[in-house]
Amino acid sequence: MMRRRNLRIFSVVTAIVATFLLAIGLATTALIWDERTSAIDNTSLQATRFATGAVAALNRSLVDVDVLLASLEETKGLNLQQAAPVNRALRALVRQNLMLHRLALVDAQGRTLASSDVMLPRSIGLPGGDATRALTSNLTTLAISAPRSTPDGTENVIFLTRRISTTDDRQVLAVAEVLQLQLNTILVQGANIGGLEVTLERHDGTLITSAPLQQDQLAGALNQPLEPALNGLIQTRPARLSGQPALVV
């Protein structure tokens with residue numbers, strides 16, 4: 001009798017303890033889930049704010065360069081028959097704009113006609129094919145090149161180009177050379193976000209620049225281009241550089 005009573009008491013105590021542990025487990029799971037959801041929501045908000053700021057900053061910088069290149073057409077005395085005054089004007093513009101590394105005017109073969117360099121280089125490294133396509137295109141818009149190494153191989157540069165006409169009715173390509181690191185500074189905006197990866201890509205996924213910089217992936221296509229219709233929307237998918245699970249904007 002006493003034994004049965006003890007067993008009953010043990011069963012009741014065991015049931016109470018099990019119920020208590022189950023309740024603790026459920027509460028802990030709910031708390032962890034709530035914290036995870038809250039962390040994801042906060043990260044999504046932070047990522048969206050960062051992406052919005054980065055796009056706005058990049059657009060402002062690119063529009064400024066585009067306006068500058070287009071305005072060269074209106075520069076008094078833009079006549080390549082007398083390149084020295086043009087070279088001086090280009091040097092003055094570079095000194096006034098911290099984003100620019102060099103300004104130049106090139107022909108369809110990529111040959112330098114005028115430049116902000118003290119000594120006029122034969123070529124600034126812009127491929128002739130790129131120059132020909134830009135000068136024969138029906139659209140007069142700003143084009144962004146793939147990154148290229150400087151002649152000494154110490155830095156990467158990106159060419160921003162626009163077709164213009166000189167005062168002697170010659171079609172040339174106005175080129176703004178920008179250091180890749182300068183473009184990265186604009187993209188990152190001094191943000192200090194753990195695990196942040198930022199990319200500037202073409203519509204086909206070709207990588208123009210990134211932070212952190214992935215030298216081996218530059219000018220190559222990333223695994224899968226992003227859908228233009230989803231631009232600005234949070235997506236849960238592999239990160240563009242590392243491939244780790246991430247929130248992608």
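## The Pro-212 loop

Let's start with Pro-212, which sits in the loop running between strand 8 (207–211) and strand 9 (235–238). Helices (H or I, at least four residues) and strands (E, at least two) are DSSP runs here, numbered from the N terminus. The peptide bond leading from Ala-211 into Pro-212 is cis, its omega near 0 degrees. As background, most peptide bonds are trans, and most residues other than glycine have a negative phi.

This is a predicted model, where local features need pLDDT of at least 70 and side-chain atom pairs count only at pLDDT 80 or more, while totals for chains, interfaces and linings use all residues. Residues are numbered from 1 along each chain as its sequence is written, and side-chain values use heavy atoms, with hydrogens and water left out.

## The chain as a whole

The protein chain has 4 helices and 10 strands, and from the N terminus on they come in the order α-α-β-β-α-β-β-β-β-α-β-β-β-β. Out of 249 residues, 33% are buried, where buried means under 20% relative accessible area, exposed means over 50%, and partly exposed is in between (1.4 Å probe, protein chains only).

How much of the contact count comes from residues 24 or more positions apart? Taking the contacts with a separation of 6 or more, such pairs account for 50%. A contact here means heavy atoms within 4.5 Å.

## Strands 7 and 8

Strand 7 (residues 198–201) runs antiparallel to strand 8, and the two pair over 4 bridges; pairing requires that DSSP finds at least two bridges between the strands. Leu-200 faces Thr-209 of strand 8 across the pairing. The hairpin has 5 residues between its strands, and Gly-205 there takes a positive phi near 90 degrees.

Is strand 8 mostly covered or mostly open? It's covered: 5 of its 5 residues are buried.

## Helix 4 and Gln-180

Helix 4 covers residues 180–188, and its buried residues are Gln-180, Leu-183, Asn-184, Ile-186, Leu-187 and Val-188.

Why does Gln-180 count as buried? Because its relative accessible area is 2%. The side chain of Gln-180 also makes a polar contact with the side chain of Thr-209, at 3.1 Å. A polar contact is a pair of N or O atoms within 3.5 Å; within protein, one must be able to donate a hydrogen and the other to accept it, and residues adjacent in sequence count only if both atoms are side-chain atoms. Setting aside residues up to four places away in sequence, Gln-180 touches Pro-147, Asn-156, Val-157, Ile-158, Ile-208, Thr-209, Leu-213 and Leu-218.

## The second largest pocket

The second largest pocket has a volume of about 290 Å³. For the search, a 1 Å grid is laid over the protein atoms alone; a pocket is an open set of points with protein on both sides within 12 Å along at least five of seven lines, whereas a cavity is a set where a 1.4 Å probe fits but cannot get out, and lining residues have an atom within 4 Å of a point. Points are joined across faces, edges and corners, and the volume is the space filled by probe spheres set on them.

Which residues lie nearest the centre of this pocket? Out of 16 lining residues, they are Asp-130, Arg-133, Ala-134, Ala-143 and Thr-161. Helix 3 (128–136), strand 3 (143–144) and strand 5 (156–165) each supply at least two lining residues, with strand 5 giving the largest share, 4 residues. The lining splits into 7 nonpolar, 5 polar and 4 charged residues (nonpolar: Ala, Val, Leu, Ile, Met, Phe, Trp, Tyr, Cys and Pro; charged: Asp, Glu, Lys and Arg; polar: the others, Gly among them).

Ala-143, in strand 3, counts as partly exposed because its relative accessibility is 33%. Beyond its neighbours within four places in sequence, Ala-143 contacts Phe-159, Leu-160 and Thr-161. Ala-143 and Val-175 are 32 residues apart in sequence, with their C-alphas 9.6 Å apart in space.

Thr-112 belongs to strand 2 (residues 112–115) and, at 10% relative accessibility, is buried. Its side chain reaches the backbone oxygen of Pro-121 at 3.0 Å. Leaving out residues up to four places away in sequence, Thr-112 touches Leu-105, Val-106, Leu-120, Pro-121, Arg-122, Ser-123 and Ile-124.

Pro-85 lies in helix 2 (residues 83–96) and is partly exposed, at 37% relative accessibility. Pro-85 and Ala-114 are 29 residues apart in sequence and 9.4 Å apart in space, C-alpha to C-alpha.
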